[in-house]
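Let's walk through this structure together, one region at a time. Have the sequence and the 3D view open as you read.

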Amino acid sequence: MTNPSTPSVTFPKGFLWGSATASYQIEGAAREDGRGPSIWDTFSRTPGKVYAGHTGDVACDHYHRYRDDVAMMADLGLQAYRFSIAWPRIQPDGAGPVNPAGLDFYDRLVDELRGKGITPVVTLYHWDLPQSLEDRGGWTSRDTAFAFADYAQAVHKRLGDRVETWTTLNEPWCSAYLGYAAGIHAPGVQDPEAAFKAVHHLLLGHGMATRALRDAGVQKLGITLNPAAVSPADPDSEADVAAAHLVDGLQNRIFFDPILRGSYPDDVLQHIRRFSDLSWLRTGDETIINQPIDVLGINFYSPTYVRSKPGIDGNPTAPGTEGIEFLPAAGPVTDMGWAIEPAALTRLLERIHRDYPGTPLMITENGAAYPTGPDETGDRVPDTDRVAYLDGHLRACHDAIARGVDLRGYFVWSLMDNYEWAEGYRKRFGVVYVDYHTQRRIPKDSARFYSQVIRNNGL
Ligand code: GBH
């Protein structure tokens, strides 16, 4: 661990330090106070979809323990907390009148945070779509974009006087491709055209909600993406470079370009034509998507390397990538099997800064799964590997800033161990350990390390 008296790198003054979670991953209380079912309730109950049939019914029971959790955040010295709102608590059927009891919870949470001097950063959508909207087509339906904008306004109406920073969507790539192409996330659909429609309607929903919140006076607005730090396995191979360009198009430019430049890239549209007539892309849509944003959230975990390998099957998360191999990690990996390469984060941030200049960036998620639990004393969780991961990636952020990237803050994923989607509770991303039998929280060594980073504004 670093010596607090000699921090070797210092972040800019005002750099924002926080942690992140998401509603379905921590709240539990799945049937309380009028919450309706979401696609994750349905998916997690479908046999074979989630590890050991785990559901978010109880999760970290944060819905009931939020006061203690906020006190713990304050003890750790967090300056900001990024959490998401469960749409099915606000509109149990995904549309129509709001459920005041659902809004009450976030009202209490926001007040609790502010009372402790912690800045709330709200994400409106982190994957828990009301099931009744999915029954009407989910994100493949244009109507869902309109529904999302209505929902965003309802939440803002209640919390807008106390929440400054708003994020529309978390990782629309995951919603669209994992949810509708690979089918490994809710709603479990496997249809490339559906995935591209979902991308578009998610982006349209982002644009409509952004416009509505802007009109309502919000001044800190953005979206969180999970861009791939994709590189060709052999930079001297033309075929590998072309493979990386396609993957960059499908994961990165398909989001960055309409949001920040006002149109989808031609090569990406051309690619999508293999699966769809694009009739869902209407004149004017790209203008709606292209709303000015104040901050672009970046979630980063691991790099991607691809190479051309004629004959190989496509990656199910990237429709039309037949003949492209996604290389397995060569070096050390986390408990998810994801490769660790902090320099890839620096590269990614520099690339975004270069190709899409002018938008302040924020790391809205970064972290690692490791299984470490309490030692023999029962009170300490010596997660040395997570400390090393965070240390490396924080230095990578600092390197990017030193090279001119306008990076404004960092949110560790995650505050505490939680429901890791299709992996259930078996993967632990928290800097705080959660005992799922007792709901006891134990700050891991990484939490203490992170507290010290915040105190020093550096490491
Ligand atoms: C984030 O997703 C989520 O926002 C968060 O809720 C989640 O708990 C956290 O990260 C940890 O997973 O999926 O096989 O194609 C990150 C999702 C991780 C998606 C890396 C792409 C590449 C491997 N991304 N992943 S694969």
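Helices (H or I, at least four residues) and strands (E, at least two) are DSSP runs, numbered from the N terminus. What you see is a predicted model, where local features need pLDDT of at least 70, side-chain atom pairs count only at pLDDT 80 or more, and totals for chains, interfaces and linings use all residues. Residues are numbered from 1 along each chain as its sequence is written, and side-chain values use heavy atoms, with hydrogens and water left out.

Let's begin with the annotated residues. An unreviewed UniProt entry carries the annotation "binding site" for Gln 25, His 126, Asn 170, Tyr 301, Trp 413, Glu 420 and Trp 421. The lining of the largest pocket includes Gln 25, His 126, Asn 170, Tyr 301, Trp 413, Glu 420 and Trp 421. UniProt positions are given here in the numbering used for this model, feature names are shortened, and annotations may be inferred rather than shown by experiment. As for the pocket, on a 1 Å grid over the protein atoms alone, it is an open set of points where a 1.4 Å probe fits, with protein on both sides within 12 Å along at least five of seven lines; lining residues have an atom within 4 Å of a point.

Two of these residues are worth a visit. Trp 421 sits in the loop between S11 and S12, and Glu 420 is found in that loop too, between strand S11 (407–413) and strand S12 (432–435). Is Trp 421 buried or exposed? Trp 421 counts as buried because its relative accessible area is 4%; buried means under 20%, exposed over 50%, and partly exposed in between (1.4 Å probe, protein chains only). Glu 420, at 10% relative accessibility, is buried as well.

Next, look at their contacts, meaning heavy atoms within 4.5 Å. Setting aside residues up to four places away in sequence, Glu 420 touches Gln 25, Met 336, Trp 413, Lys 427 and Phe 429. With neighbours within four places likewise left out, the contacts of Trp 421 include Gln 25, His 126 and His 185. The side chains of Trp 421 and Gln 25 are also joined by a polar contact of 3.3 Å. Such a contact is a pair of N or O atoms within 3.5 Å; within protein, one must be able to donate a hydrogen and the other to accept it, and residues adjacent in sequence count only if both atoms are side-chain atoms.

Follow the chain on from that loop and you reach a hairpin. S12 and strand S13 (residues 440–443) run antiparallel and are joined by four bridges; two strands pair if DSSP finds at least two bridges between them. Tyr 433 stands opposite Ile 442 in S13. The hairpin has four residues between its strands, and Gln 439 takes a positive phi near 65 degrees.

Now turn to a sheet elsewhere in the model. Three strands form an open sheet with mixed pairing, in the order S6-S8-S9. Its edge strands are strand S6 (229–232) and S9, each pairing on one side only. S6 and strand S8 (residues 303–308) pair in the parallel sense over four bridges, and Val 230 has Thr 304 in S8 as its bridge partner.
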